[in-house]
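Biologist: I am new to this structure. Could you take me through it step by step?

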Amino acid sequence: MKYLLIQLLLVPSLMFAQPNIRGAIVNKHKDPLPLTNIVLQNRAVGTITNEKGEFILSNITTADSIKITNIAYYSKVIAISNLRNNDTIILDENIQQLNDIVLKNLSKYKEEIKLGFDNYSNNGEFKFGPGNQIALFIANKLEIEGWIKGVSFKVKELGKCKNSMRIRLMQMDTLHFKPSIDILEENIIIKSGDLKKSNYLDLSTYKIMLPKEGIFIVLEWLYPDRDCDKNSYASISANLVEPSNIVLFNFRDKAWSKDSRPRLPNGNYMTPNIGLRVAY
């Protein structure tokens, strides 16, 4: 009888706690999807799939769910209780129409210019933690047809949690002035160990054209594979020179918002030190 009682007392913990769970993320052709973001919904913990599309999550509970995101595929939310060890999860391709952003002939684009704010004074910062994204709009003020060569940005503090960062290029929703479609149709991630105070990402091989209306550069602080305390954050260097509100924020791919951006006494807004190199 005593042995039976002990067994019954253990049932709740067996139901609601698991040390870890493994799985793999693939597309409908069973191709692995590396660098796919997997986040626990109820905790600030997550991971990224490896080159084989495999992942492992530790110290999870069956009361939680995971959200799986990959730029070129539709996101998926799955309850932990519906997962089994070594499950294979299939993501559906997100086919969206882009507006003439891929170049076919690069030979005429020989001169280079810098757009954006990476060369401005470093007299401010945006602090954000895992799951946060910051989007900076860079206008095509010269109305040039140009080939995007790369993105640069400055990190002020890397914080306590050693997180990796995902970089996204997104078209503008001209009706609502918000990021819409991903132009980079794959995950571009800078691992935590490779992040520096000044960073440059070469995108020339993607042969992307600068949209005529401009572009959103998005930085996303990815989840580490362990818990971060509530005071853990990283910060992107910022300047105080822009009079227009061209920065938006979101958390875990929720709706974009401008509400978190303070306005300064001189009427300017704080703007992250992010730049774009373009050949024309």
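Biologist: Over how many bridges do strand E2 and E3 pair?

Modeller: Keep in mind that this is a predicted model. Strand E2 covers residues 37–40. Its residue Asn37 stands opposite Ile48 in E3. E2 and E3 run in the antiparallel sense, and their pairing spans 3 bridges.

Biologist: What is the strand order of the open sheet?

Modeller: The sheet has 4 strands. Their pairing is antiparallel. The order is E3-E2-E5-E6.

Biologist: Which strands stand at the edges, and why is one side of each left without a neighbour in the sheet?

Modeller: An edge strand here has a single partner strand, so one of its sides has no neighbour in the sheet. This holds for residues 46–48 and for residues 73–79. The two strands are E3 and E6.

Biologist: What does the twist average from one strand to the next?

Modeller: Take the sheet in its order, E3-E2-E5-E6. From one strand to the next, the twist averages 15 degrees.

Biologist: How many helices and strands does the whole protein have, and what share of its residues is buried?

Modeller: The secondary structure comes to 1 helix and 21 strands. Burial here means under 20% relative accessible area. Of the 280 residues, the buried share is 49%.

Biologist: Of the contacts with a separation of 6 or more, what percentage joins residues 24 or more positions apart?

Modeller: A contact needs heavy atoms within 4.5 Å. Among contacts with a separation of 6 or more, residues 24 or more positions apart account for 77%.

Biologist: Which elements give two or more residues to the lining of the largest cavity?

Modeller: The structure holds 2 cavities of 30 Å³ or more. The largest has a volume of about 100 Å³. Its lining includes Asn37, Val39, Lys67 and Thr69. The elements giving two or more residues are E2 and strand E5 (65–70).

Biologist: Which residues are closest to the centre of the largest pocket?

Modeller: The largest pocket has a volume of about 290 Å³. Strands E5, E6, E12 (165–173) and E13 (178–182) each supply at least two residues of its lining. There are 19 lining residues. The closest to the centre are Ser75, Arg168, Met170, Asp182 and Asp253.

Technical notes: Residues numbered from 1 in each chain as written. Predicted model: local features only at pLDDT ≥ 70, side-chain atom pairs only at ≥ 80, totals over all residues. Heavy atoms only, no water. Pairing = 2+ DSSP bridges. Axes fitted to C-alpha atoms, helices over the stretch in contact; angles between N-to-C directions. Buried < 20%, exposed > 50% of the residue type's maximum accessible area, 1.4 Å probe, protein only. 1 Å grid on protein atoms, 1.4 Å probe; cavity = no way out; pocket = protein on both sides within 12 Å on 5 of 7 lines; lining within 4 Å. Points joined across faces, edges and corners; volume = space filled by probe spheres on them.
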